[in-house]
Amino acid sequence: MKVLSLIPPMTQLNTPYPSTAYLTGFLRSRKINAVQEDLALALVLDFFTPAGLAQIRAQALSLPEQERSASVHFFLDYFEDYQSTIAPVIAFLQGRDSTLSHRINSRDFLPEGPRFTVIDAFDDDSGDSLAWAFGALGSQDRARHFATLYLNDLSDVLHDAVDDRFEFVRYAESLASSQPSFEPLAQALAAKPTLMDEYLRRLTIEALDKHQPSLVLLSVPFPGAMYAALRIAQTIKASYPTIKIGLGGGYVNTELRELDEPRIFNFVDFITLDSGERPLLSLLEHLAGKRSADRLVRTFIRNEQNQVEYKNWPEPDIPFEDVGTATWDGLPLDSYLSLLDMLNPMHRLWSDGRWNKLTVAHGCYWKKCSFCDVSLDYISRYETASASLLVDRIEAIIAETGQTGFHFVDEAAPPKILKALAEELLRRKVLISWWGNIRFEKTFTPELAQLLAKSGCIAMSGGLEVASDRLLKLMKKGVSVNQVAQVTKSFSDAGILVHAYLMYGFPTQTVQETVDSLEYVRQLFANGCIQSGFFHRFSCTVHSPVGLNPQEYGIKLIPLPPVSFAKNDIGFIDPSGVDHVALGLGLKKAIYNFMHGIGLDEDIRAWFDILVPKPSVSRQQIVKALRM
């Protein structure tokens, strides 16, 4: 039996989403014929060609002139420039033609649409708006930033003229995210296909003709990949009805746990939850006639009475040490686009460069944070592998890909394992560059930070969340603001870039605490503790401690409508009555400027469009913490 794993649109464009690489590597370790394709990248590369742009233009011209957005008007006005530059720009972003940077930097080569207005925000005294970021020697990065803005303009045209659900990464996300009913997806899938749907249909058939699989696995990591995954499945059912289709991935594991909607099985045959290795082995045995449907593991099916059944035969999961080594064989590693959306050197890592993604440990060793889905398997089941085995996997991946950059994608990489991994890398003289996500806990001493840097660590991200000791305690985060300052400074002093995940709108958070939080963040930037950050609005999920025990956090949940499909986010009533929407605008404006070194000495109240109180914390609080 041949298994084809597909990455549906949309995921990252700079590097493959790793789920198919994990599953393909695991299946091959069990001597199963397994292959993979990235249809997310293929779809974008198919559109961003001279022929693809011509079809976009035809779609744009069919719109009444009064319905054309500014992006569409600009695209039509400068269509010939776009059509002549698209191929060389794609080649440049793929690393195939570095010399093109000189022409791109001339500012006479690319058509500069609405997205380019962002660079005017950083004018310096010389009139060169990007000199501060790239200097005289950063011509490659400078050109990639321009080329990324150029692609973002084209993305806006795709959205405005071809499919208004399209975004890079988030494609038709609203159809799937926390949707209690399958009806919005069902209607979209029954509608006349868009030009984008037609492209995806053709790419799907090409992949099937190439590989001739018996089973297709669709990995859906985010809500923004679900619609396209089901369009792929729709094509398979219509063109190759004998091929079986399995659906899994992060979105499925999180939001479809209470699935009771038989219509989704018009598109797929099996839906699996949590780590896919054991359910997949049981599914393959079932398809081979060696196991009944009743002995499937963590799998939804539709029975003959048109009802959804959940089968979970009790079998142990595959140990983390036995899942094999991920493989990127079959994916076009030289075709991914190294984008530069954000000029900040830490923030750019998510879209810049092709990283080999690897998991150091399964699950989270802390698993106490009240906002996190700690009740789900991907958090709750914590398993590790030896440092020796991890380095074996790293060496195998380097040998296969020829690339030494690694992104460790753990929920929170354990300090003990990272220390052992660093020592093993140094002992075996394996030279890599790596970054990952951690908790800013006191175990990360200056000495450990120096060791990690020596082993190749270039950046760390971690959750400061709400920079308030009261709320951090309520969150059960296990850290304090002063401790975070000390740990992050240790990393920065070791030459490791630091990104802080930040949160606002946590239950009972006051306006004063929000203002104080931003003041702490300003001081962390100003004192070189962090180089990057992102504020996101707290979202209560049904699988988190807040969602499971709202009374402990002083809130009341808003009852959900009847759910037969997706269930995740849940609304709540916070008696504090704070306008977090208005505060969020100021927080995001501030963090964007802080990441560019702007406004670090200003009163943080200036970032808000509403009246807020003066910070109650000392402007020297972080300085004092660093002296402890």
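Residues are numbered from 1 along each chain as its sequence is written. Because the model is predicted, local features need pLDDT of at least 70 and side-chain atom pairs count only at pLDDT 80 or more, while totals for chains, interfaces and linings use all residues; side-chain values use heavy atoms, with hydrogens and water left out.

Confidence comes first. The protein chain has a mean pLDDT (the predictor's confidence in each residue, from 0 to 100) of 94, and 97% of its residues reach 70 or more. Over residues 123-127, however, the pLDDT is below 50, and this stretch makes four contacts in the model beyond near neighbours in sequence. A contact here means heavy atoms within 4.5 Å.

Two helices can be looked at in some detail. Helices (H or I, at least four residues) and strands (E, at least two) are DSSP runs, numbered from the N terminus. Helix α5 covers residues 79-93, and at 1.5 Å a residue its 15 residues should span 21 Å; the end C-alpha atoms are 20 Å apart, which agrees. The expected span is 1.5 Å times one less than the number of residues. Along the way, α5 bends by about 40 degrees at Thr85, and a proline, Pro88, follows within four residues. The bend is the angle between axes fitted to the seven residues ending at a residue and the seven starting there. Buried residues (under 20% relative accessible area, with exposed over 50% and partly exposed in between, for a 1.4 Å probe and protein chains only) of α5 include Phe79, Tyr82, Thr85, Ile86 and Val89. Their cover includes α2 (39-47), α3 (50-61), α4 (70-77), α6 (101-105) and α8 (139-162). After the helix comes Gly95, with a positive phi near 80 degrees.

Helix α19 (residues 481-493) gives a similar check: its 13 residues should span 18 Å at 1.5 Å a residue, and its end C-alpha atoms are 18 Å apart, which agrees. Of the 13 residues of α19, 10 are buried, so this helix is largely enclosed by the rest of the structure. Among them are Val481, Asn482, Val487 and Phe491. Gly495 follows α19 and has a positive phi, near 85 degrees.

Aromatic rings come next. A search of the whole structure finds 26 aromatic pairs. Rings of Phe, Tyr and Trp (its six-membered ring) pair if their centres lie within 6.5 Å; planes under 30 degrees apart count as stacked, over 60 as edge-to-face and the rest as tilted. Phe48 and Phe168 form an edge-to-face pair, 6.3 Å centre to centre with 90 degrees between the planes. This pair links distant parts of the chain, 120 residues apart: Phe48 is in the loop between α2 and α3, and Phe168 in the loop between α8 and α9 (183-190). Phe48 counts as buried at 2% relative accessibility, and Phe168 is buried with a relative accessible area of 17%. Phe182 and Phe565 are also edge-to-face, at 5.2 Å centre to centre and 65 degrees between the planes. Since Phe182 lies in the loop between α8 and α9 and Phe565 in the loop between β16 (556-557) and β17 (572-573), the pair ties together parts that are 383 residues apart in sequence. Phe182 is buried at 1% relative accessibility, and Phe565 at 0%. One aromatic cluster is formed by Phe74, Phe75, Tyr78, Phe79, Tyr82 and Tyr150.

Asp38 is found in strand β2 (residues 33-38) and counts as buried at 3% relative accessibility. Not counting residues up to four places away in sequence, Asp38 touches Ile7, Pro16, Leu331 and Tyr336.

Most residues other than glycine have a negative phi, and most peptide bonds are trans. A cis peptide bond joins Pro9 and Met10, with omega about 0 degrees; Met10 is placed in the loop between β1 (2-7) and α1 (19-29). Asn306 has a positive phi, near 60 degrees, and lies in the loop between β6 (299-302) and β7 (308-311). At 44% relative accessibility, Asn306 counts as partly exposed. Glu465 has a positive phi as well, near 55 degrees, but is found in strand β13 (residues 457-465) and is buried, with a relative accessible area of 5%.
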